[in-house]
Amino acid sequence: MRMVDIIEKKKRAQQLTDEELEFFTNGVADKSIPDYQIAAFLMAVYFNGMTDRETARLTLLMAGSGDTADLSSINGYKVDKHSTGGVGDKTSLIVVPVVASLGVKVAKMSGRGLGHTGGTIDKLESIPGCNTSLSTDEFFKVVNEVGCSIVGQTGNFAPVDKKLYALRDVTATVDSIPLIAASIMSKKLASGADGIVLDVKTGSGAFCKTEAEAEKLAKTMVAIGEHAGRDVRAVISDMDRPLGHAVGNNIEVIEAVKTLLGEGTEDLRGVCIELASNMVAMAKKISFEDSRKEVTAAIDEKKAFESLCAMVKAQGGDERFLRDTALFEKAGFSHDILSEADGFISGMDTYKIGVAASLLGAGRETKDSLIDFSAGIYMHKKTGDRVNKGDVIATLLTNKQQSIANASDVFISAVSYSSEPVKLQPIIKKRITKEDL
Ligand code: URA
């Protein structure tokens, strides 16, 4: 078999066989296929796509290309969640303890932030002492004892994805639905959970700018789950506005705590309840409505907050910060952004808000940049809110005073105003299960 023939076939939009896909992933793994041929193949896929069957086969080969987590020493059904990435998306910090407080195990491997999006691991590490690099034994022990644990991804999971992702990044082939689906699902399948709930974001802050693209991505990933024999559901949620009020690290932890204590914003609480209800319904094999009642009660009765405290404590973190969030370090400088108009906020470009937070120190420019845990943006007003000229709509927080002017310009350019009231889109747009395929 020759790689040039596989590229030729995909260039002509023909379907690849299992053997051809295996030849490709083996050649990426053992480095026998040069980067220029991999890049040409990726571009052919970008233009001609893949069938669900090809995508599923590619995903399984990528998932099997490195380590796979064996979660069998954790008792019971294990459920995982994944978000396609957003701004102010602190849902894992809320959803994971909610689900665990209802007796469903979550052994979650999460990522760090890069570019305009945040990462759960950075947020957790803003809690003093919280260790996200547990050994496998410690990780399983925390899940068995507390019901949940969130750690950074260690080990060599889906190395073929690492290679492909790096090449996609520099060949303008990131935004291909089969390639995104295979990339996300290969890592999720390798992480070993029985059931996976995907939060597919759509809007200005997301990979999928339109709902139609998000639906296609969601269906492709649910179909991969079917081929792999795992339960997979997807929720399509709005990322045309940042989730909640806070974008940053410790300020997002504080907002997650508030949400678990019943004081969260409606959008953030809505997404969390939707995701957690799907996870619990899947694990307990109960209806979505029954699951939703359990999830709402777990928040209202503060059981889920106790699960977050227990998880953080078991991972070495100082739970006093969760019980008294005033203990968190505060940024040295703050700068208020004022409304430029009387009327209503009609839009907030979520991508730009993520960039502004990153400039203030909340995110990374490169993989090795240091994060400032107290930096970020607190939005007092959000899309749809009525404002008067001069009202404080957001506060920028940073320890780098020199970053304020630039971040402020980016933030101001992200906000648009209207004199008419604005109709907000529902935060949950759609739920996709295998019945929708
Ligand atoms: N996240 C991933 O892990 N891979 C992609 O291709 C896109 C988002």
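## Exercises on a Predicted Model

By class, four nonpolar, one polar and two charged residues make up the shell around the ligand. The structure is a predicted model.

### Exercise 1. The ligand

Identify the residues around the ligand and sort them by class.

**Solution.** 

Step 1. List the shell. Y165, R168, I180, S183, I184, K187 and F207 are the residues around the ligand.

Step 2. Apply the classes. The shell accordingly divides into four nonpolar, one polar and two charged residues.

Step 3. Examine the polar contacts, for which the cut-off is 3.5 Å between N or O atoms. In the side chain of R168, an N or O atom is 2.9 Å from an oxygen atom of the ligand. The side chain of K187 likewise has an N or O atom 2.5 Å from an oxygen atom of the ligand. For S183, a polar side-chain atom lies 2.6 Å from a nitrogen atom of the ligand.

Step 4. Consider the cover. The ligand taken alone exposes 240 Å², and the protein buries 88% of that area.

Step 5. Assign the shell to elements. Two or more residues each come from α8 (159–170) and α9 (177–190). With four residues, α9 gives the most to the shell.

### Exercise 2. The second largest pocket

Describe the volume and the lining of the second largest pocket.

**Solution.** 

Step 1. State the volume: the second largest pocket has about 340 Å³.

Step 2. Turn to the lining. The pocket is lined by 20 residues, and those nearest its centre are I251, I254, K258, Y378 and L397.

Step 3. Find the main contributor. Helix α11 (residues 250–260) supplies the largest share of this lining, six residues.

Step 4. Sort by class. The lining of the second largest pocket holds seven nonpolar, eight polar and five charged residues.

### Exercise 3. The cavity

Determine how many cavities of 30 Å³ or more are counted, and characterise the lining of the largest cavity.

**Solution.** 

Step 1. Count the cavities: there is one of 30 Å³ or more.

Step 2. Give the volume. The largest cavity holds about 140 Å³ of space.

Step 3. Locate the lining. It comprises 22 residues, of which H116, T117, G118, A362 and G363 are the closest to the centre of the cavity. The elements that give two or more residues are α6 (120–125), β6 (246–248) and α16 (350–362). The largest share, four residues, comes from α16.

Step 4. Sort by class. The lining of the largest cavity divides into six nonpolar, 12 polar and four charged residues.

How values were computed: Residues are numbered from 1 along each chain as its sequence is written. This is a predicted model: local features need pLDDT of at least 70, side-chain atom pairs count only at pLDDT 80 or more; totals for chains, interfaces and linings use all residues. Side-chain values use heavy atoms; hydrogens and water are left out. A residue is near a molecule or strand if one of its heavy atoms lies within 4 Å of it. A polar contact is a pair of N or O atoms within 3.5 Å; within protein, one must be able to donate a hydrogen and the other to accept it, and residues adjacent in sequence count only if both atoms are side-chain atoms. Accessible areas come from the Shrake-Rupley method with a 1.4 Å probe; for residues, only the protein chains shown count as cover. Ala, Val, Leu, Ile, Met, Phe, Trp, Tyr, Cys and Pro count as nonpolar, Asp, Glu, Lys and Arg as charged, and the others, Gly among them, as polar. On a 1 Å grid over the protein atoms alone, a cavity is a set of points where a 1.4 Å probe fits but cannot get out, and a pocket is an open set with protein on both sides within 12 Å along at least five of seven lines; lining residues have an atom within 4 Å of a point. Grid points are joined across faces, edges and corners, and a volume is the space filled by probe spheres set on the points.
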